[in-house]
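Here is a friendly note to read with the model open beside you. Take the points one at a time and find each residue as you go.

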Amino acid sequence: HYQKPAEDANTGAITRDGGTTWQPVNVGGYRSGVAFGGGIVVAVGSHGVSYSADMGQTWKPLVSEGYHAVALTMDGDGWAVGAAGRIARIRR
């Protein structure tokens, strides 16, 4: 929920059946962008960045700085962008 960015209970969801059913997961707070590449998933938001190496089942914090958008290559490298011109390079 964007008005409760630090709340981390059930902030994401995963599906194993093409979207028929969904299971809640704790991503680490509100996240406004997500990208997949190189076997990892990276999620960014105003209160930090989280990543998952198991297709979104479990999440670990990466940094506490906020970012608004993220993109990854098929190899898992990429970029995140945030407020005030903040740019971060992501390397798998």
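1. The structure is a predicted model, so local features need pLDDT of at least 70 and side-chain atom pairs count only at pLDDT 80 or more, while totals for chains, interfaces and linings use all residues. Residues are numbered from 1 along each chain as its sequence is written, and side-chain values use heavy atoms, with hydrogens and water left out.

2. Leaving aside neighbours within four places in sequence, Pro24 is in contact with Asn10, Gly12 and Ala13. Pro24 belongs to strand 2 (residues 23-25); strands here are DSSP runs of E with at least two residues, and helices are runs of H or I with at least four, numbered from the N terminus. The C-alpha atoms of Pro24 and Ile14 are separated by 6.6 Å, although these residues are 10 apart along the chain. Pro24 is exposed, with a relative accessible area of 53%. The cut-offs are these: buried means under 20% relative accessible area, exposed means over 50%, and partly exposed is in between (1.4 Å probe, protein chains only).

3. Asp8 sits in the segment before strand 1 and counts as partly exposed, at 40% relative accessibility. With neighbours within four places in sequence left aside, Asp8 is in contact with Asn26, Val27, Gly28 and Gly29. For Asp8 and Val27, 19 residues apart along the chain, the C-alpha separation is 6.5 Å.

4. Now look at strand 3 (33-37). In a regular strand the side chains alternate between the two faces of the sheet.

5. Next comes the largest nonpolar core. A nonpolar core is a set of buried Ala, Val, Leu, Ile, Met, Phe, Trp, Tyr and Cys residues joined through side-chain atoms within 4.5 Å. The largest one has 11 residues, among them Ala35, Val44, Val49, Tyr67 and Ala88. Strand 4, strand 7 (69-72) and strand 9 (87-90) each give two or more residues to this core, and the largest share, three residues, comes from strand 4. A second, separate core of six residues includes Val25, Val27, Val41 and Trp59. In soluble globular proteins, nonpolar side chains tend to be buried together.

6. Is Tyr67 buried or exposed? At 5% relative accessibility, Tyr67 counts as buried, and its place is in the loop between strand 6 and strand 7. Not counting residues up to four places away in sequence, the residues that Tyr67 touches include Ser32, Val44, Val49, Arg86 and Ala88. The C-alpha atoms of Tyr67 and Val49, 18 residues apart along the chain, are separated by 7.2 Å.

7. Strand 9 has two faces to compare. Ala88 and Ile90 form its covered face, and Ile87 and Arg89 its uncovered one. Strand 9 pairs with strand 8 (residues 78-81) in the antiparallel sense over four bridges, and Gly78 stands opposite Ile90. Five residues lie between these strands in their hairpin, where Ala84 takes a positive phi near 55°. Ala84 is exposed, with a relative accessible area of 88%.

8. Met55 also has a positive phi, near 60°, in a residue other than glycine. Met55 lies in the loop between strand 5 (48-52) and strand 6 (60-63), and is exposed at a relative accessible area of 54%.

Technical notes:
Pairing = 2+ DSSP bridges. Contact = heavy atoms within 4.5 Å.
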